[in-house]
Amino acid sequence: MSVVQMVKIVGLGAVALTLSVEWLGWLFCRLWPRKISRGPLKEVFFFPTEVACTERLFTPDSPFPCPCPLPHNVNTSFTRLLGHILSASSSLDLCVFAFTNLDLSRAVLALHARGIPIRILTDMDYTLITGSQIGAIRRAGICVRCDSGAVHMHHKFAVVDGRRLITGSLNWTLTAIQSNKENILVTEEPDLVLPFITEFQRLWDVNDPARRHLPSIAEKTASLVL
């Protein structure tokens, strides 16, 4: 066998091997798509969203159909947002400027009823707006702290189970969801989630009511001198 023939045979073998590997990879993806790691969760939702029934998210095991006139079993930006909130199994930290939406309030109360630890940080001024759900949430026994600084606490983010970040321009209000042009990013990328966890804890500590009433060192020193 000549050298030229040998080179041709080797070349054809290499091509055949490459095609076989690609075909096996394609077949594996088709047969076991869930086995392939797609990296951390990343989703983006835009608003306003169409109005749809959300009852199936709260009562998925109910044998009775919802009688409301809204479209059912419709996947919208809002139902996906609700789904992420309701997926909490160990904790929910919520930092939100305005909170008036009844469905989101119902989701938070449902988590509380399941025994999920919840912390909510909000702007003091906006707890007083018409329709604010903060009062009802506090009465249910959920821990809420208010930022009463000179400027607004304008964040809108939540951390679910310490690993899933929900953030964007969306206030938790009916107007924001059904009327405004808004966005939401959902991710489990650690490099993005961890800074929000840190910021929430910082704001939570700063707005601890007990700290506001503790006398400063200067005040203690002055009292001793007197």
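**Second largest pocket**

I looked up the second largest pocket and found about 190 Å³ of space in it. I am working on a predicted model, where local features need pLDDT of at least 70, side-chain atom pairs count only at pLDDT 80 or more, and totals for chains, interfaces and linings use all residues. Residues are numbered from 1 along each chain as its sequence is written, and side-chain values use heavy atoms, with hydrogens and water left out.

I noted the search terms: on a 1 Å grid over the protein atoms alone, a pocket is an open set of points with protein on both sides within 12 Å along at least five of seven lines, a cavity is a set of points where a 1.4 Å probe fits but cannot get out, and lining residues have an atom within 4 Å of a point. Volume is the space filled by probe spheres set on the points, which are joined across faces, edges and corners.

The lining of this second pocket is Cys-53, Glu-55, Arg-56, Thr-59, Ser-62, Phe-64, Pro-65, Cys-66, His-72 and Asn-73. I sorted it by class into four nonpolar, four polar and two charged residues. Ala, Val, Leu, Ile, Met, Phe, Trp, Tyr, Cys and Pro count as nonpolar, Asp, Glu, Lys and Arg as charged, and the others, Gly among them, as polar.

I then checked Asn-73 of that lining. Asn-73 has a positive phi of about 55 degrees, although it is not a glycine. Asn-73 sits in the loop between H2 and H3. Helices (H or I, at least four residues) and strands (E, at least two) are DSSP runs, numbered from the N terminus.

**Largest pocket**

The largest pocket holds about 260 Å³ of space. I found 20 lining residues, with Ala-52, Thr-54, Phe-78, Asp-103 and Gln-178 nearest the centre. H3, H4 and helix H6 (174-178) each supply at least two residues of this lining. H6 gives the most, with three residues. I logged the classes as ten nonpolar, seven polar and three charged.

**H3 against H4**

I followed up on two of those helices. The axes of H3 (residues 77-86) and H4 (residues 102-113) come within 10 Å and cross at roughly 20 degrees. H3 and H4 are therefore roughly parallel to each other, a label for angles under 35 degrees. From H3, the contact (heavy atoms within 4.5 Å) uses Phe-78, Leu-81, Leu-82, Ile-85 and Leu-86. H4 brings Asp-103, Leu-104, Ala-107, Ala-110 and Leu-111 to it. I counted nine nonpolar, no polar and one charged residue in this contact.

**Cavity**

How many cavities of 30 Å³ or more does the whole structure have? My search found one. The largest cavity has about 40 Å³ of space. Leu-81, Leu-94, Lys-156, Phe-157, Ala-158, Ile-166, Leu-170, Trp-172 and Ile-184 line it. Strand E5 (residues 156-160) gives the most to this lining, with three residues. I classed the cavity lining as eight nonpolar, no polar and one charged.

**Cis peptide**

I found a cis peptide bond joining Phe-47 and Pro-48, with omega about 10 degrees. Pro-48 lies in the loop between strand E1 (42-47) and helix H2 (55-58).

Definitions and conventions
Axes fitted to C-alpha atoms, helices over the stretch in contact; angles between N-to-C directions. Parallel < 35°, antiparallel > 145°, perpendicular 65-115°, else oblique.
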